[in-house]
Each structure stands twice: as C-alpha cells, then as structure tokens.
Amino acid sequence: PAGGVFVLGIDGMDPVILQRMMDEGRMPNFERLAAEGSFQELGTSNPPQSPVAWSNFVTGMNPGGHGIYDFLHRDPHNYMPISSATPPIGEDDIPGYISIFGWIVPLGGGEIPNNRSGTPFWDQLSDAGVDVEVYRMPGNYPPTPSEAFTLSGMGTVDMRGTPGTYTWYTSEIMLDTSGVKADVEPVTVEDVDGDGTGDTVFTRLKGPPDVFHLIPGEMPGDDDYLTAPVWVHVSPRDDVVWIKAGGDLDAPTSEWVLEVGEWSPWLEMDFEALPWSLLNLRGMARFYVKQVRPEFIMYASPVNIAPGSPAQPITTPDDGAEALYDELGNFFTQGMPEETNALKDGLLDEDDYVKQVAVVHEDGNAMLDLALDRFDGRDCTFMYLSDIDLQCHMLWRHKDPKDPHAPRHPAMGLTPNAPKRWGDLIESFYEGVDVTLGHVRERLPEDATLIVISDHGFQAFTRKIHVNAWLRDNGYLVLKDGATTGSIALGDVDWSKTRAYGVGFNGIYLNLEGREAEGIVPPAQADALADEIIAGLLTLTDDGTRTIYRADKAADVYSGDRLAEAPDVVIGFDKGYGCSDESTLGEVPEPIIEDNMSRWSGNHLMAPEVVPGVLLSTHRLPGDGHDLTDITATLLDHYGLEPGPGMVGTSIYR
C-alpha cells in the first residue's frame with residue numbers, strides 16, 4: 001500500500017466479547033472493518049501484562065531482549081519489589097551530596113533511565129525519514145531519547161513519583177485508613193464570617209517530594225512533600241463550592257465554582273522547591289465534591305505533571321508537551337488516569353467513577369482528533385486508547401461480558417444492592433470505542449492503512465492464589481522463627497533456608513547463589529529445582545478445578561541479551577485465577593487460595609493462550625497466528641525496512 005499507517009492500540013479489547021457484540025449488531029464499525037479487511041485473534045506476551053506486551057510491540061522483541069517481564073521485578077541486592085520501568089539502583093548509582101544551612105544539594109543528576117532495551121520502531125522509522133507520532137505509549141516513561149514525537153503513557157508517574165496517589169478531604173472521622181491508597185486529609189468547615197454556619201475549608205494538596213531536604217536515595221515520609229494551599233468556600237444554601245488552589249487566598253493560581261457531583265477542569269498550582277520562588281514546580285489536579293453537608297467530602301486527583309510547564313520530560317522532543325498544550329490545553333499526563341484506586345477503596349462508587357472516566361475519554365478524544373489532523377501522506381501514527389482495560393478490571397464483577405452463564409462474582413458482596421445498569425457498563429464502553437473507530441475511518445485518507453490491535457483480552461478474576469503461601473507450604477520459602485505469615489519487605493524471610501520466592505504478578509525467583517544477596521541454591525541445581533516447582537504448580541487445583549494453565553522456565557520461553565534478569569519460573573494462571581496482590585509484593589499470607597473480594601474483578605495476568613488480543617486491518621491478511629511482534633515487523637516492512645537486531649516478528653501482510 002502506498003499511504004501511511006495509523007495504528008489504534010486499544011488496551012484490553014477481547015476477541016470473544018468483540019465478536020459477540022458484532023454478531024448482535026452493536027459494533028457496526030468494527031463489523032464493517034472486519035468484513036472489508038480482516039479480524040482475528042492476536043497473540044499477546046508471556047505473561048500478558050500491559051508493560052510486557054506493549055514493550056514486545058515497541059521493540060519487536062520478546063522480554064528476553066527488551067528486559068521487561070512484569071509490572072514489578074525485584075532488586076537482587078535486597079529482594080525488594082520495584083517497578084519494572086526502572087533498573088535496580090546500586091549504592092554506586094546514588095549521587096553524593098552536600099548540606100548547606102539545612103538544604104541538601106545532590107552532587108550529580110541521579111536520573112533514572114528507562115529499563116527497556118531495544119530500538120523502538122519509531123526510531124527505525126524516523127531514521128529512515130518517516131514522520132512518526134506516538135501518543136501515550138505504555139512503558140515509555142521516562143521517554144527514551146528520539147527524533148520522533150512521542151508522549152509517554154502507562155508508567156508515567158504523578159508529581160509525587162507514584163503511579164497515582166489521590167487525596168480524600170473529609171470532615172468525617174475515619175478510624176482506619178491503613179488500607180486506603182490515598183492521602184486522607186481531615187478537614188473542618190470553619191465559620192469565618194461568624195454567622196454560625198460553617199463556610200470555609202482551609203487545607204493543602206501534596207505535590208512532589210521535597211528533594212532539597214532529602215538525602216539522595218532516602219524515601220520521603222508523610223511530611224517530606226511540597227504542598228500547595230487549597231481553600232474551599234461552601235455555599236450556605238446550595239450544594240456549590242468555590243475552590244481556590246495555589247498562590248494565596250486573594251490571588252490564587254486557579255479557581256473554579258463547582259457543584260456537588262461535578263468534576264472540575266484542571267486547576268494548576270505551583271510547588272515551591274526553593275525559597276523566593278527560585279524553583280517552582282507546576283502541577284495540576286481535578287477536584288470532585290462528593291457532598292458538602294452534613295459532612296464535607298471532596299476528592300482531588302493525583303497531582304499531574306502540567307504539560308504547559310512540565311517538571312520533567314514526558315515527551316520527545318522535550319518541548320513536545322508544551323506544543324501539545326498549545327493545541328489542547330491541559331490533559332492527563334499520569335500514565336493510568338482512570339481513578340481505580342478510589343473505587344477499589346470504596347470511597348467513590350461506580351457512578352462517580354464513570355463520570356471520571358468520561359473526563360479521561362474527553363482528553364483522549366481531543367488528542368485523537370489532533371493526531372488525525374496531523375496525519376498526512378506516508379506518516380506513521382500510533383494512538384493508545386485506555387477506554388476498555390481499566391473498566392474491565394473494575395466493573396467485571398457486576399456482569400461477566402464474556403460468559404453470560406458465569407456464577408455471581410464473590411466481590412458482588414461489596415455492593416449487594418448494586419443497580420442493574422452497572423452490569424451494562426463494560427459493553428457500553430465497547431460501543432463507545434466502536435463510535436471512535438467510525439470517526440477514525442471517516443477522518444483517515446483513503447490510501448491509509450489502519451491497523452487496530454489490543455495487547456491482550458480479559459477473563460473473570462474470581463479466586464486469588466497466594467503464590468508465596470504455596471511456596472511456604474511446599475518447603476521452598478521459610479519464614480523466621482517458624483512463623484506462617486510474614487513479608488519480604490519486613491525482613492520476615494529466612495534466606496538461609498529459602499530456595500524460591502515470588503515477586504510480581506507472574507514470576508518466581510530462585511534464591512540463587514551468587515545472584516541473590518543471600519542465595520543458597522547452587523547454579524548447578526537451579527534447572528532441576530525450577531522443574532520441580534513447575535511440576536508442583538501444575539498439580540495445584542481448587543476443589544478439582546485446574547488453577548495453573550501452564551508454567552515455564554524462562555529459558556524455554558525467552559531469548560535475548562537480558563534473559564538472565566527473567567524470573568526463573570513464569571506462571572500462566574488459568575481463567576478465573578490470578579496472583580494475589582499480597583504475593584505480588586512479596587507477602588506471605590495464611591491461605592493458598594481464597595475468593596477475590598476486590599472490586600478489581602476482571603483480569604488478564606494469566607496464560608497468554610487464555611487472554612489473546614484482537615487484530616483488525618483494512619487489508620486482507622493471508623494467514624493467522626500473529627502476535628504483537630509481527631505488528632512491529634509490519635510497520636517496518638511497510639516502509640521498506642528490514643527488522644533490526646533481536647527482532648522476532650514477520651509482516652502480517654506476507
């Protein structure tokens with residue numbers, strides 16, 4: 001084909017759900033694309049986790065080449081779980097510092113590189129003279145240096161350096177906030193004008209860590225963050241507030257009048273890192289007032305990096321964020337912008353959540369229109385859509401869209417009187433993506449090639465497996481002093497007796513001599529031990545039901561220069577099952593298997609055969625059996641380029 005290529009990456013779209021809804025006539029634009037071109041399953045990564053799958057696509061390599069194996073990996077120096085986006089940081093990597101009048105001045109940059117290896121497809125295309133634009137690519141934070149335009153996506157942190165920490169302002173007394181993934185800010189509605197009615201809330205919003213008062217490498221405590229002031233004036237009669245953020249009360253940086261149940265636009269604020277405004281870091285947040293009486297309850301989003309004045313690079317070139325801001329105004333920069341945490345915590349309900357998702361999609365649609373405006377000739381553009389993935393994670397318990405005869409999800413007990421309409425939400429998001437596809441096809445030039453992919457599909461997540469509890473009960477993991485529960489992070493594991501442990505959603509590591517800090521397994525015995533663990537896992541049943549679809553040694557499923565960093569055993573759970581959050585973080589609870597009672601009720605962190613993605617194209621495909629690395633090879637082949645070193649895919653059109 002002579003024209004350019006436009007790739008829509010729809011996170012989490014499932015081929016079974018899509019086919020059923022097409023058959024029901026509810027996805028007319030997908031149905032038309034499938035009839036005119038092609039529709040088939042697309043193989044995902046092993047394991048089918050988003051950062052792994054999208055890294056396969058970005059590089060055309062398997063994880064053994066690009067080095068991303070999970071959302072989390074472990075630091076072999078201390079066994080601690082860390083983000084897969086960054087490499088383990090040794091003591092030699094931490095810069096020195098000097099202290100001047102209480103201020104900490106690092107002696108060195110201390111920049112953390114992107115942990116992904118390989119050459120992104122956009123660099124190969126850009127070097128060949130192709131105009132490339134890549135919007136919200138997962139796993140590309142920090143953005144790797146490039147001549148192409150790229151905007152980082154999933155993995156991009158908020159201003160606090162976390163995946164997303166929201167703030168919950170409340171005048172209610174919350175006795176236990178230990179399980180809440182938020183900054184809980186107790187507030188009072190003060191009677192400023194003396195008329196006997198509370199009218200004003202004086203509070204704050206936490207932003208970035210106060211690095212000039214932290215020793216390099218030191219983790220910030222609760223009071224080690226820069227803050228911006230927030231004032232909320234409450235109407236004495238109506239369910240309306242006037243929010244002022246940043247600056248001072250008489251001259252705030254941003255302000256907005258907001259009704260209860262309404263989302264604010266982005267409100268910007270500065271965080272003063274050095275005195276006398278020598279260094280201000282610009283952030284922004286959206287606010288949502290849940291209620292104003294009898295108690296005051298308000299949500300603030302994670303503080304996002306403000307694209308008009310980014311505190312750190314989120315694009316290539318560096319000024320790309322400002323250029324987008326000039327076209328679009330403010331937009332979500334946090335990598336996973338849907339507010340799943342507040343819904344998981346039960347502080348926002350599904351109606352609140354769906355309103356917030358609509359705001360996220362407004363941002364995404366505006367960016368998509370801009371990308372279509374800029375697409376021309378033989379350009380190559382990738383646009384990521386988060387419209388489905390997180391909604392399937394959070395809303396699956398209300399109705400299984402893949403199996404109409406599925407039993408009631410155990411997490412339905414959290415909201416026994418949930419309205420029936422919540423059960424139709426996932427399908428409504430599918431219908432929304434169909435509208436988006438129709439819009440894209442209307443806007444693209446006639447000679448353009450359109451490829452639609454998803455990184456994986458979805459399944460119910462009804463039972464969670466505590467992998468570390470299984471390792472404990474089978475003698476591979478030993479806790480100190482004969483304990484039955486504990487945590488790697490709390491130092492509860494007896495490494496002198498432990499031969500294997502779990503960190504991450506799908507990985508088991510051997511406590512290998514010479515590799516782990518206190519390794520005891522001789523390298524000559526590693527292969528046999530991994531085989532023994534795999535054989536045991538494959539016998540793990542749940543009241544007669546198979547729980548593990550497959551389990552593999554890394555060397556059997558990966559190849560490349562970074563194979564040595566892989567988990568020694570990769571677990572592929574069967575449908576309905578997944579690793580518990582506790583085991584993912586290195587914790588060892590009591591049971592091996594129990595009901596998943598979380599609102600995070602749909603999942604894809606299973607065997608790749610259980611959750612394939614989708615592939616659609618405006619052109620007929622001569623064969624099937626493709627996976628994500630084949631899409632990378634297709635892009636290169638379209639522009640006459642050969643695959644780079646370590647790439648494993650082939651063009652879907654050959």
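Predicted model: local features only at pLDDT ≥ 70, side-chain atom pairs only at ≥ 80, totals over all residues.
Let's begin with empty space. Rolling a probe the size of a water molecule over the atoms shows where such space is left. How many cavities of 30 Å³ or more does the search find? Five, across the whole structure.

Take the largest cavity. Its volume is about 200 Å³. The lining has 19 residues. Nearest the centre are Arg136, Pro337, Val360, Tyr384 and Ser386. H8 supplies the largest share, with four residues.

Now the second largest cavity. Here the volume is about 60 Å³. Its lining includes Asp11, Met154, Gly335, Met336 and Glu338. Asp389 and Leu390 are also among the lining residues. By class, that lining has five nonpolar, two polar and three charged residues.

Look at Pro337, Tyr384 and Ser386. They lie nearest the centre of the largest cavity, and they also line the second largest cavity. Keep Tyr384 in mind for the rings.

On to those rings. A pair of aromatic rings is described by the distance of the centres and the angle of the planes. The whole structure holds 20 aromatic pairs. Which residues join Tyr384 in a cluster? Ring pairs link Tyr384 with Trp54, Phe57, Phe121, Trp122 and Phe382.

Next, the sheet. It is open and has four strands, in the order S11-S12-S13-S14, with antiparallel pairing. Which strands form the edges? Strand S11 (200–209) and strand S14 (254–259), each pairing on one side only. From one strand to the next, the twist averages 25 degrees.

Zoom in on S11 and strand S12 (residues 225–234). They run antiparallel, joined by eight bridges.

Arginine 160 lies over the face of the tyrosine 225 ring, 4.0 Å from the ring centre. There is also a contact of this kind at phenylalanine 149. The charged end of arginine 374 sits over that ring, 5.4 Å from its centre.

Tyr384 lies among the residues nearest the centre of the largest cavity and belongs to the ring cluster.

Note on methods: Residues numbered from 1 in each chain as written. Heavy atoms only, no water. Phe/Tyr/Trp six-rings, centres within 6.5 Å; stacked < 30°, edge-to-face > 60°. Lys NZ or Arg CZ within 6 Å of the ring centre and 35° of its normal. 1 Å grid on protein atoms, 1.4 Å probe; cavity = no way out; pocket = protein on both sides within 12 Å on 5 of 7 lines; lining within 4 Å. Points joined across faces, edges and corners; volume = space filled by probe spheres on them. Helix = DSSP H or I, 4+ residues; strand = E, 2+ residues; numbered from the N terminus. Nonpolar A, V, L, I, M, F, W, Y, C, P; charged D, E, K, R; others polar. Pairing = 2+ DSSP bridges. Axes fitted to C-alpha atoms, helices over the stretch in contact; angles between N-to-C directions.
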